[in-house]
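Here is a friendly note to read with the model open beside you.

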Amino acid sequence: ARINNEHIFTAIIRDTTLRKKAERELKNAKLKAEQATHSLDEQMQLQQLLIDSVPIPLFYKDAEGQFLGFNKAYEETFGINSKDLIGLKVTELAYLTEEDRLAYQAEDLEVIAEQTTIKKEVKIPFVDGKLHDTLYWVSGFKDSKNNPAGLVGNFIDITNEKENALS
């Protein structure tokens, strides 16, 4: 614009120093979060590899008794894919009788709430269609705030040992 034969300019100047600093901090925080996520993924892969290397069936559940995971031996024992069972409760497992499902669910909830361990001998149907004699363990675990958080369980097939003892 011209006023009295002089050129007049209007400009707006904004100091973006704080915004640029905040953008850099956000970018750095995002990079750190991505690195932490990658590290956590690697830890989870190692944890699953360790669990899968155990030759006896293992499983673990959350505080409500829903399956969180299994190892390969569990999958092979029951002929299942663990991804199909994650999030389910024992009451939803088709390979167990209804009576067994209800008994296991009640027992699981008690173990979780009381943070106890149960060790017992029990017959379990395997993928081969036969009932197998097993030594069965479940133990409750707590979270970082000392609240009941779930349980871990495993079992060992002792069918051959029992048959040999009877011979």
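**Notes on the model**

1. Let us begin with Gln105, which is found in helix H4 (helices are DSSP runs of H or I with at least four residues, strands are runs of E with at least two, and both are numbered from the N terminus). Please keep in mind that this is a predicted model, in which local features need pLDDT of at least 70 and side-chain atom pairs count only at pLDDT 80 or more, while totals for chains, interfaces and linings use all residues. Residues are numbered from 1 along each chain as its sequence is written, and side-chain values use heavy atoms, with hydrogens and water left out.

2. Is Gln105 buried or exposed? Gln105 has a relative accessible area of 9%, and therefore counts as buried (buried means under 20%, exposed over 50%, and partly exposed in between, with a 1.4 Å probe and protein chains only). Setting aside neighbours within four places in sequence, Gln105 is in contact with Glu64, Gly65, Lys89, Val90 and Thr91 (contact means heavy atoms within 4.5 Å).

3. Now for helix H4 as a whole. Its 17 residues reach 24 Å from the first C-alpha to the last, close to the 24 Å expected at 1.5 Å a residue (the expected span is 1.5 Å times one less than the number of residues). Along with Gln105, the buried residues of H4 are Arg101, Tyr104, Glu107, Asp108, Val111 and Ile112. Their cover includes S3, strand S5 (117-125), strand S6 (131-142) and strand S7 (148-157).

4. What happens just after H4? There, Gln115 takes a positive phi of about 55°. Gln115 sits in the loop between H4 and S5 and is partly exposed, at 22% relative accessibility. Asn146 also deserves a look: this residue has a positive phi of about 70° although it is not a glycine. Asn146 belongs to the loop between S6 and S7, and its 52% relative accessibility makes it exposed.

5. The largest cavity has a volume of about 130 Å³ (grid points are joined across faces, edges and corners, and a volume is the space filled by probe spheres set on the points). Of its 14 lining residues, Phe59, Tyr74, Leu96, Tyr104 and Tyr136 lie nearest the centre. Strand S3 (58-62), helix H2 (72-78) and helix H4 (98-114) each give two or more residues to this lining. By class, the lining has 12 nonpolar, no polar and 2 charged residues (Ala, Val, Leu, Ile, Met, Phe, Trp, Tyr, Cys and Pro count as nonpolar, Asp, Glu, Lys and Arg as charged, and the others, Gly among them, as polar).

6. The largest pocket holds about 300 Å³ of space. It is lined by 17 residues, and Gln48, Phe70, Ser82, Lys83 and Ile86 are the closest to its centre. Two or more lining residues come from each of H1, strand S4 (67-70), H2 and helix H3 (82-85). Which element gives the most to the lining? That is H1, with 6 residues. The pocket lining divides into 6 nonpolar, 7 polar and 4 charged residues.

7. Finally, the charged pairs. The whole structure has 7 salt bridges (a side-chain nitrogen of Lys or Arg within 4 Å of a carboxyl oxygen of Asp or Glu). One of them joins Glu23 and Arg19, at 3.3 Å from N to O. Both lie in helix H1 (residues 17-53), 4 residues apart, about one turn of the helix.

8. Another salt bridge pairs Lys162 with Glu121, the closest N and O atoms being 2.4 Å apart. Lys162 is in helix H5 (residues 159-166) and Glu121 in strand S5, so the pair ties together parts 41 residues apart in sequence. Asp133 and Lys123 form a salt bridge too, with the closest N and O atoms 2.7 Å apart. This pair links strand S6, which holds Asp133, to strand S5, which holds Lys123. Asp133 is buried at 11% relative accessibility, whereas Lys123 is partly exposed at 46%.

Definitions and conventions:
On a 1 Å grid over the protein atoms alone, a cavity is a set of points where a 1.4 Å probe fits but cannot get out, and a pocket is an open set with protein on both sides within 12 Å along at least five of seven lines; lining residues have an atom within 4 Å of a point.
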